[in-house]
Amino acid sequence: MELRRLLHAVVQSFVLLCAIGSCDARFVVEKNSLSVTSPEKIKGTYDSAIGNFGIPQYGGSMAGTVVYPKDNQKACKDFDEFGISFQSKPGALPTFVLVDRGDCFFALKVWNVQKSGASAVLVADDMEEPLITMDTPEEGSISAKYIENITIPSALIQKTFGEALKKAISGGDMVNVNLDWRESVPHPDDRVEYELWSNSNDECGVKCDMLMEFLKDFKGAAQILEKGGYTQFTPHYITWYCPQAFTISKQCKSQCINNGRYCAPDPEQDFSSGYDGKDVVVENLRQLCVFKVANESNKAWLWWDYVTDFQIRCPMKEKKYNKECADEVIKSLGLDSKKIEKCMGDPNADADNPVLKEEQDAQVGKGSRGDVTILPTLIVNNRQYRGKLAKGAVLKAICSGFEETTEPAVCLSGDVETNECLDNNGGCWQDKAANLTACKDTFRGRVCECPLVDAVQFKGDGYTHCEASGPGRCNINNGGCWHKSQDGHSYSACVDAGDIKCRCPPGFKGDGVKSCEDVDECREKKACQCPECSCKNTWGSYECSCSGDLLYMRDHDTCISKTGTEVRSAWAAVWVILLGLAMTGGGAYLVYKYRLRSYMDSEIRAIMAQYMPLDSQNEVPNHVSEDRA
């Protein structure tokens with residue numbers, strides 16, 4: 001019995017931190033900003049500690065009026081007993097109730113105030129000390145009934161600030177404050193990293209029941225976020241070590257693996273029956289390895305399927321919390337059981353287990369994150385979540401970790417936030433005709449930002465003015481310029497000419513943005529003004545005709561004779577033909593002369609050759625013989 005009490009004390013005081021070299025746990029209190037807007041004498045910004053129950057409005061803010069009840073100031077009783085209601089009247093700000101610390105659980109105070117109709121609770125500390133986190137009470141059937149039903153936010157404030165609020169209220173001042181959770185979770189980029197420190201034990205009471213219910217409810221949203229690459233989720237499990245003096249004891253051996261290095265409390269708090277703590281450690285280790293193996297195959301979201309299926313198929317109450325049942329779940333999910341077994345290692349070895357050693361190292365807080373000392377614990381962007389572990393509340397916290405305008409669609413669903421762009425377009429610029437708006441709904445509220453449409457960027461302040469810019473701007477609602485179609489013709493005033501964006505086309509006059517009116521060229525004598533011309537105005541142009549057989553020349557704004565044109569054209573053709581014939585005859589004559597001369601030259605040369613030798617001719621032989629003596 002003495003050993004049991006010792007081990008229980010070890011768990012409660014988180015000796016696990018000693019196992020990893022830090023016996024002084026660094027618990028970080030997560031805060032939100034509380035601003036007093038009136039009266040002027042206490043106006044300013046103050047710190048407040050977020051309660052670890054209810055639903056903090058992560059990513060948002062809430063304004064209200066503070067009241068301090070005359071009776072039941074510690075809120076340990078139902079306010080109905082005192083005939084007090086904090087329900088806000090129509091059109092009035094929400095009511096924030098200030099109560100004093102002491103005499104009952106924090107959660108009970110908030111529950112009683114919530115039932116009376118208030119929107120938030122401020123608990124004034126009763127001593128001068130640094131702010132602490134208001135946590136839920138130890139497991140109990142009475143507290144369990146109301147803890148899960150708390151939905152309003154709460155915060156602890158320091159004693160001196162509480163006294164200042166009470167003094168202002170008693171003096172007749174209206175005290176207006178603003179609770180702001182927008183910076184409670186960092187939101188640097190378009191991906192959120194979050195961790196869940198949990199336990200596979202399903203027999204630890206109300207908190208375990210709430211954890212198991214949360215895992216089932218949140219699985220769908222978690223897998224959507226993970227598959228889309230919007231989040232990076234990592235599961236973690238807390239372990240503690242068995243003091244060296246007890247490592248060989250029967251009790252320590254039943255609660256620990258690896259010779260006392262990694263332990264978990266007995267699920268039923270009964271060392272003589274049921275499951276042992278080491279069974280929980282082994283299953284925690286298996287779930288870690290399921291995540292590692294699934295993550296290696298780029299299917300990290302299968303962890304959610306495994307833990308929820310294991311919870312349903314292998315509960316402790318049905319005596320199925322064992323390796324055989326776990327293997328069936330692993331097989332059904334198509335995971336590699338051999339890789340998982342290799343990852344788990346030998347739980348009986350007197351040596352460190354790399355996976356569990358890494359978990360113990362991770363339990364120590366780093367940077368702005370404190371040590372993990374509350375189970376379960378959710379950490380979003382390295383900040384510990386405070387509030388009810390429920391789908392809607394946790395999704396709010398995760399969604400508040402995205403940079404504005406980068407939130408996935410799941411963050412903008414109706415059960416998480418309201419679309420502020422639906423009310424008066426959020427006060428932003430819009431072009432109803434083209435169905436364009438600068439209003440963008442984000443998790444933290446709407447922003448007015450000129451849109452990007454079909455690769456065309458609109459520029460402006462987003463509130464009163466946005467206009468298309470760059471190439472292609474005329475393809476988007478005509479670049480915001482005038483345009484109209486009539487009588488089978490369409491005209492637009494959109495141009496890309498340096499600083500000029502809108503200019504009425506030829507045939508129109510106006511500002512080019514709101515209006516372009518047809519120019520009456522006939523009446524204003526801008527065209528069709530020759531004596532023979534007859535002018536008729538049309539939309540965007542004009543028609544001009546000539547009297548008789550005259551033809552209108554639009555470029556010269558004059559009429560010419562159709563007959564004269566035909567005669568001149570005929571004579572031109574005749575002269576072209578005659579010129580062609582003359583050139584052909586001249587060429588034939590020259591050829592004739594050349595050939596005739598060549599022929600006569602050859603004849604003369606032949607005649608002369610008969611009477612005298614020519615220089616170019618060999619001597620003609622003499623055929624007459626001479627007698628010789």
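This is a predicted model: local features need pLDDT of at least 70, side-chain atom pairs count only at pLDDT 80 or more; totals for chains, interfaces and linings use all residues.
How many salt bridges does the count come to? The count comes to 21 salt bridges.

1. Arg261 and Asp350. The side chains of these two residues meet in a salt bridge, with a distance of 2.7 Å from N to O. Arg261 lies in the loop between β10 (256–257) and β11 (262–263), while Asp350 lies in the loop between α11 (337–344) and α12 (354–362), so the pair ties together parts that are 89 residues apart in sequence. Arg261 counts as partly exposed because its relative accessibility is 25%. Asp350, at 54% relative accessibility, counts as exposed.

2. Glu283 and Arg286. A salt bridge joins Glu283 to Arg286, and their closest N and O atoms are 2.6 Å apart. Both residues belong to helix α8 (residues 277–296), where they are three residues apart, about one turn of the helix. Are these residues buried or exposed? Glu283 has a relative accessibility of 2% and therefore counts as buried. Arg286 is also buried, with a relative accessible area of 4%. The cut-off that applies in both cases is a relative accessible area under 20%.

3. Asp327 and Lys323. The salt bridge between the side chains of Asp327 and Lys323 has an N to O distance of 2.7 Å. Helix α10 (residues 323–332) holds both residues, four residues apart, about one turn of the helix. Asp327 is partly exposed, at 24% relative accessible area, and Lys323 is partly exposed, at 38%.

4. A network. Asp100, Glu163 and Lys166 are linked to one another in a network of salt bridges.

5. The four-stranded sheet. Strands in the order β9-β8-β12-β13 make up an open sheet with mixed pairing. At its edges are β9 (231–237) and β13 (383–384), each of which pairs on one side only. Seven bridges connect β8 and β9, which pair in the parallel sense. Within this part of the sheet, Trp197 stands opposite His236 in β9.

6. The three-stranded sheet. A further open sheet has the order β18-β19-β20, and its pairing is antiparallel. Its edge strands, β18 (452–453) and β20 (467–469), each pair on one side only. Two bridges join β18 to strand β19 (residues 456–459), and these strands run antiparallel. Leu452 stands opposite Gln457 in β19.

7. The hairpin of β21 and β22. Strand β21 (residues 483–486) runs antiparallel to strand β22 (residues 489–492), and four bridges join them. Gln486 stands opposite His489 in β22. The two strands form a hairpin with two residues between them.

8. A patch of negative charge. Asp189, Asp190, Glu403 and Glu404 gather on the surface in a patch of negative charge. Asp189, one of the four, is found in the loop between β7 (176–180) and β8 (192–198). With a relative accessibility of 31%, Asp189 counts as partly exposed.

Notes
Residues are numbered from 1 along each chain as its sequence is written. Side-chain values use heavy atoms; hydrogens and water are left out. Two strands pair if DSSP finds at least two bridges between them. Patches are made of residues with over 30% relative accessible area and no salt bridge: like charges are joined within 9 Å, nonpolar side chains (Val, Leu, Ile, Met, Phe, Trp, Tyr) within 5 Å. Accessible areas come from the Shrake-Rupley method with a 1.4 Å probe; for residues, only the protein chains shown count as cover. A salt bridge is a side-chain nitrogen of Lys or Arg within 4 Å of a carboxyl oxygen of Asp or Glu. Lys and Arg count as positive and Asp and Glu as negative; His and the chain ends are not counted. The place of a charge is taken as NZ of Lys, CZ of Arg, CG of Asp or CD of Glu. Buried means under 20% relative accessible area, exposed over 50%, partly exposed in between (1.4 Å probe, protein chains only).
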